[in-house]
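Hi,

Here is the structure I said I would pass on to you. Have a look at it first, then read my notes below.

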Amino acid sequence: MKKLCLFLLSISSSLSINADEVDLTEFGQSYFAAWKATQAPNASKQDIEHYLSFFKDDLGHQHLPYDADDSRTSEGKDSMRNGMNYYLGAHTDYSAELSQVVPAYHVVMITYSTKSSGIHPQTKEVVHQSYDTMEVLEIEDGKVSVIRKYSQ
């Protein structure tokens, strides 16, 4: 019996997670919490890596109105990592509030508001921002495959 249980456990752990098996509401809440941690003034590279663990390697990322391309590329996750590390620690003040999480078929939509202040790493100018944002996360194999971000 013990061998059978170990065998079944090894089979189940080797199977990929199906998006239908993911609690998308919980996924959206956890995703937001991980993202929020990356924006804090004391954020670390470990916070970024935790956030990136939500993504497939070939992540597509679209941020309207700034970037209209949502193409999935083999370096998608690495590009996100590079961009996030560039801005790491730029915020001197940050707050974000999750407004809603709406699960759908292989998709999670989250809305949130943010306020931040900081020093832009390139221009060294003080920047104050406030946004209302909606992100639509396409889920594949239990991970985000495409992010469509809309900010105002």
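Buried here means under 20% relative accessible area, exposed means over 50%, and partly exposed is in between (1.4 Å probe, protein chains only).

Before going on, some ground rules. This is a predicted model, in which local features need pLDDT of at least 70 and side-chain atom pairs count only at pLDDT 80 or more, while totals for chains, interfaces and linings use all residues. Residues are numbered from 1 along each chain as its sequence is written, and side-chain values use heavy atoms, with hydrogens and water left out.

Back to Lys56. Which residue does the side chain of Lys56 meet in a salt bridge? It is Asp141, at 3.4 Å from N to O. (A salt bridge is a side-chain nitrogen of Lys or Arg within 4 Å of a carboxyl oxygen of Asp or Glu.) Lys56 sits in strand β1 and Asp141 in the loop between β4 and β5, so this pair links distant parts of the chain, 85 residues apart. (Helices are DSSP runs of H or I with at least four residues, strands are runs of E with at least two, and both are numbered from the N terminus.) Asp141 counts as partly exposed, at 40% relative accessibility. Both residues also belong to a network of salt bridges, together with Asp58, Arg72 and Glu140.

Arg148 is worth a look too. Its side chain meets that of Asp70 in a salt bridge (2.3 Å, N to O). Asp70 is in the loop between β1 and α4 and Arg148 is in strand β5, 78 residues apart. Arg148 has a salt bridge with Glu138 as well, with the closest N and O atoms 2.1 Å apart. Glu138 lies in strand β4 and Arg148 in strand β5, so this pair ties together parts 10 residues apart in sequence. Asp70 is partly exposed at 24%, and Glu138 is partly exposed at 27%. The count of salt bridges comes to 10.

Now the strands. Five of them form an open sheet with mixed pairing, in the order β1-β5-β4-β3-β2; two strands pair if DSSP finds at least two bridges between them. At the edges are β1 (55-64) and β2 (91-104), each pairing on one side only. Strands β2 and β3 (residues 107-119) run antiparallel and are joined by 12 bridges. The hairpin of β2 and β3 has two residues between the strands, and His106 takes a positive phi near 60° in it.

Finally, the helices. Helix α2 (residues 24-39) lies across β1, β2, β3, β4 (126-140) and β5 (143-151), and runs at about 170° to β2. (Contact means heavy atoms within 4.5 Å; axes are lines fitted to C-alpha atoms, for helices over the stretch in contact, and angles run from 0 to 180 degrees between N-to-C directions.) Helix α4 (residues 76-87) lies across β1 and β5, at about 60° to β1. The buried residues of α2 include Phe27, Tyr31 and Trp35. Seen down the axis, the buried residues of α2 fall within an arc of 165°, so they line one face of the helix; the arc is that of the directions from the helix axis to the C-beta atoms.

Cheers
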